[in-house]
Amino acid sequence: MDTFNHTLSRFLNFFSALLVIAALYLGQKLLVPLALACLFTFLLNPLVKILCRWRLHRVASVGVVTLVSFSILALVAWLLGGELAGLANDLPNHRHNIQKRVESLQQVGETRVIQRLRKLVGDVSQPTLAAPEPNAAPTEIAAVAAPQPPPETATALMTALNMVVPTLAEAMGTTAVVVLFVIFMLLRLDDIGQRVARLVGYSRLTLTTKAIDETGERISRYLLMQGTVNAIYGLMLGIGLAVIGLPYVILWGVLAAIFRFIPYVGPWIVAVLPISLSLAVFDGWAQPLVVIALIVTLELLTNMILEPMLYGHSVGVSDFALLLAIAFWTWLWGGVGLVLATPLTVCIVVFCKHIPALEWVDIVMGENPLPQPHLSYYQHHLANNEDAAQALLETSMRKDGLETTLEAIALPALALTRHEEVLGKLDPDEAAQIYQGMRSAFTLLSDSTDEAARVKTSAAGNPSAIAEAPSATQPALQVFGRALHGEPDVQALEMLAAVLPPAIAIEISADPRLIGELVHELGEKQPALVCISSLPPQARLVVSTLCRRLHSKLPDLKILVCRWGLTGQEFDPKPLHESGATWVVSSIKEAREVLEGVIV
């Protein structure tokens, strides 16, 4: 039954994803203007806030910002239209130069064999005019030989108008809808946020508010900084092309600034246009090569200096995930999706990060995930790659020290192995092999640490002091360590013992025995305290029972419970305290501080 429910849940999730994609595709007439309006809202809202801080009413601030912004966009569009019209009229004047370029490129690598093959293909593919019938009338022969008349000018004009007018009307309608959406969103931005929070529910009010604020902050910062970088890039490109002598520099500068919003591929797509025009306009090869050098230099300077200086932060999405997102949104919405891919992907990743059920989206697509070296350490042992596991420990040891290495890598990996063993994902032989590998790695690490300490002491001029100290000084604190689950808990206690000072000694017990036998042994040895190592899962009930029995039989005995766990896991120590535990810790550092505090 559980398997059926799990399969049904997966099917429903997959079907829901298909429905969402279908809705995005079928509803693009409405969703594309809405997405563009959201993009402009995130871009213009910081400017509206600045005017509001200057004591200008929000309605007036929105009016000024939208009027100035869209007027600038209209002016840029008008300039681009003029430049494109001039380019279209000017290209036929360079037809001869273009033909010369094509002929020179065709001559590169020309050989006699290729010439013969080309001549053969030309002879075969040359069309043969159909000969008139022998008894055909003269008028029919003339009809065959006479060329067809060109299409009427009026028909061509009507065809062009039928293609251009609907496209222009649709673009103007979309623009008007986007402007209205932007004005409405800027005026009612707080109200929209509150409605979304209420729609989600008060139980998730904090998460929703954080997601909305983080999304707005990330996208606004991305658009403002990227827009500044792109504007500087387009200005420098236009100035450089004007110095070289290439015409229509406004067109190339504006297109370069726009296409740089498309990550990775945008600048190189638009770079083809001025390079191609330089090949058509200039006679030699010097100017085209200078144009190529200018574009490459500007791209390198922008990526290495300008973007880190002005931007400095990424959008929070990994490079590969962003490329996949660009391909998806382009397939879904065409050119508009290409421009909106980055902001839309940022919104999705941020919202999914704050939704526990969709946190995997942030893990897969988010950039710079939190490093988890214990996972790599566990995987190395699982793959029998002991050299890599040992190298990982030693690198961390040199960088962070023994305690941090055990705390961040060795102990969480031990807990993960125990977790996988209990869940049945590791059979007993595999788990035993991993435990043995981890023990060997820990032993080598401890030996190298002791050797380094001896070398350091010898260099200080007193080589015998550290060697005589253990035998001359008896431990001030005797600790009885109880490992509840055998080998993994034994290793956990050994890791704790490795970071303790010589004044604290731990006697580790892992033999299976009844609680009465353990109480009798503790009564005879009378240690200062008992340290119980408890690796999850299936540990809370066992350790609670043990603490309760020990506290009832030996009420003066102090009990330290080391409730180790996986990184990021939390537990409630209150039930263990109620069962009789004196201290409850979850890390090696906390356990060491407790034991050192007992000595003091």
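The structure holds 7 salt bridges, a salt bridge being a side-chain nitrogen of Lys or Arg within 4 Å of a carboxyl oxygen of Asp or Glu. Please keep in mind that this is a predicted model, in which local features need pLDDT of at least 70 and side-chain atom pairs count only at pLDDT 80 or more, while totals for chains, interfaces and linings use all residues. Residues are numbered from 1 along each chain as its sequence is written, and side-chain values use heavy atoms, with hydrogens and water left out.

Let us begin with glutamate 494 and arginine 439, whose side chains meet in a salt bridge at 3.0 Å, N to O. This pair links distant parts of the chain, 55 residues apart: glutamate 494 sits in helix H21 (residues 487–498) and arginine 439 in helix H19 (residues 428–459). Helices (H or I, at least four residues) and strands (E, at least two) are DSSP runs, numbered from the N terminus. Glutamate 494 is partly exposed, at a relative accessible area of 23%; here buried means under 20% relative accessible area, exposed over 50%, and partly exposed in between (1.4 Å probe, protein chains only).

Next, look at arginine 592, which forms a salt bridge with glutamate 596, their closest N and O atoms lying 3.2 Å apart. The two are 4 residues apart in helix H25 (residues 588–599), so about one helical turn separates them. Arginine 592 is buried, with a relative accessible area of 16%, whereas glutamate 596 is partly exposed at 29%. Salt bridges that share partners join Glu403, Arg592 and Glu596 into one network.

Lysine 525 is partly exposed at 39% relative accessibility, and glutamate 507 is partly exposed at 37%.

Which residues of H22 are buried? They are Leu518, Val519, Glu521 and Leu522. Seen down the axis of H22, these buried residues fall within an arc of 165°, so they line one face of the helix; the arc is that of the directions from the helix axis to the C-beta atoms. They pack against strand S1 (477–483), S2, strand S3 (529–533) and helix H23 (540–553), where contact means heavy atoms within 4.5 Å. The face turned away from the buried side carries the exposed residues His520 and Glu524. Just after H22, glutamine 526 takes a positive phi of about 50°.
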